[in-house]
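Biologist: Could you walk me through this one before I set anything up? I would like to start with the packing and then move on to the helices and the charged pairs.

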Amino acid sequence: MWLVVVAVVLAAAVLASLAVGARNVPLPTVLDALVHATPGDGDHAVVASRLVRTVTGLVVGASLGLAGTSMQGVARNPLADPGILGVNAGASLAVVAGIFFLGAARVSTYLWFAFAGSAVAAVVVYAVASLGRSGATPVKLALAGAGVAAGMGSLMSALLVSSQDSLELFRTWQVGALAGKSWESVAAVLPFVVAGTVILLATGKLLNTLALGDDTARGLGHRPGRGRALSAVGIVLLCGSATALAGPIGFIGLVVPHLLRALVGPDYRWLLPLSMVVAPAVLLVADVAGRLVLPPGEVPAGIVAALIGAPVFIAVVRRGKAAEL
């Protein structure tokens, strides 16, 4: 039932993304433009230009939602999110380095830097949070992620102030926006998104057993270390692809899993596929809201997503502290 409901919500978000903006297009015209595009028709041209933006939102939203849900299951941490744990910051620093040192200006070029940066940041954050007796607790992971993200942000700033060309290219990318993308950019990341999706969707049963503890998982015939490594590959592919395509968009991977657990419970066999439907809807709604706030200008989707996600992050932290007390 919930799968049908969220599919309807996603369809509504897609139509809103195609219809709403500086120039509103009636829904019948939107549907007509999708089925029978007419060259020279102004409304049809607007819909065509918004179509790549909407598809970008679908790809990025599904990637971040699935990656965030999987991260929370792998780490058994309700605060896990590609933005909070510094994975997006690692991808961003690597992309800036590619722009600065090699002049990478296309998604297909700096995508590989995003993968490498995501992987390095994830390893560093987990290693730092694991220090000490208590291990990688949720709060320590969040603090380690914030620290690593701040350090990488400083390195990014040092590179950007040294090159005006790099700064001009990066400034439109760093806020996390769906506008201005091309079909070529979407096609460049799509194979990696598909690969990461297939990997993570296959780990639902494993994440359910990991929630019971590593010893129980081993008793049930699973190998927690190998399962986490496989999940990490899928997470890096999705986070790197999403960041390379649209910039660092945070909190989508945090908000969606908590929303879904309230609806369908903790079973990752449902949480993972549902996150791929709900997260794009949330991101597209944030993008549409950004178009309506300051017409005829707009607020990037990454900023609106942060405004939505920050209160949820605070609520999760407060609930976790109350549980400890």
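**Core, helices and charged pairs**

Modeller: Bearing in mind that this is a predicted model, I would start with the largest nonpolar core, which has 78 residues, and in which Val60, Tyr110, Leu178, Val189, Ile249, Ile252 and Leu283 touch the most other members. Helix 13, covering residues 268–293, supplies the largest share of this core, with 10 residues.

Biologist: And what does Ile249 touch, leaving aside its neighbours within four places in sequence?

Modeller: With those neighbours set aside, Ile249 is in contact with Val60, Leu64, Asn88, Gly176, Leu178, Leu283, Gly302 and Ala305. There is also a second, separate core of 9 residues, and Leu18, Val25, Val30 and Val46 are among its members.

Biologist: OK, switching to helix 3: what span should its 34 residues have?

Modeller: At 1.5 Å a residue, helix 3 (residues 42–75) should span 50 Å, and because its end C-alpha atoms are 49 Å apart, the model agrees with that expectation. The helix does bend, by about 25° at Leu51.

Biologist: How many of its residues are buried?

Modeller: Helix 3 is mostly covered, with 26 of its 34 residues buried. One example is Gly65, which lies in this helix and counts as buried because its relative accessible area is 0%, the cut-off being under 20%.

Biologist: What happens at the two ends of helix 3?

Modeller: At its start, a side-chain oxygen of Asp41 reaches to within 3.0 Å of the backbone nitrogen of Asp43. After the helix comes Arg76, with a positive phi near 50°.

Biologist: And what follows helix 11?

Modeller: Helix 11 is followed by Gly247, whose phi is positive, near 90°. The helix itself, residues 224–246, has 23 residues and reaches 32 Å from its first C-alpha to its last, close to the 33 Å expected at 1.5 Å a residue.

Biologist: Now the charges: how many salt bridges are there in the whole structure?

Modeller: A search of the whole structure finds 6 salt bridges. In one of them Asp287 pairs with Arg53, the closest N and O atoms being 2.8 Å apart. Asp287 lies in helix 13 and Arg53 in helix 3, so this pair ties together parts that are 234 residues apart in sequence.

Biologist: Is that pair buried or exposed?

Modeller: Both Asp287 and Arg53 are buried, and for Asp287 the relative accessibility is 1%. Arg53 and Asp287 also belong to a network of salt bridges that links them with Arg291 and Glu298.

Biologist: What about Arg106 and Glu184?

Modeller: Their side chains meet in a salt bridge at 2.1 Å, N to O. Arg106 lies in the loop between helix 4 (87–102) and helix 5 (107–129), and Glu184 in helix 8 (residues 183–201), so the pair ties together parts that are 78 residues apart in sequence. Arg106 counts as partly exposed at 46% relative accessibility, and Glu184 likewise counts as partly exposed, at 48%.

Biologist: And which residue does Arg269 pair with?

Modeller: Arg269 forms a salt bridge with Asp267, where the closest N and O atoms are 3.0 Å apart, and Arg269 is exposed, with a relative accessible area of 55%.

Conventions
Residues numbered from 1 in each chain as written. Predicted model: local features only at pLDDT ≥ 70, side-chain atom pairs only at ≥ 80, totals over all residues. Heavy atoms only, no water. Helix = DSSP H or I, 4+ residues; strand = E, 2+ residues; numbered from the N terminus. Expected span 1.5 Å × (residues − 1). Bend = angle between axes of the 7 residues up to and from the residue. Buried < 20%, exposed > 50% of the residue type's maximum accessible area, 1.4 Å probe, protein only. Polar contact = N/O pair within 3.5 Å; in protein donor to acceptor, adjacent residues only side chain to side chain. Core = buried A, V, L, I, M, F, W, Y, C linked by side-chain atoms within 4.5 Å. Contact = heavy atoms within 4.5 Å. Salt bridge = Lys/Arg side-chain N within 4 Å of Asp/Glu carboxyl O.
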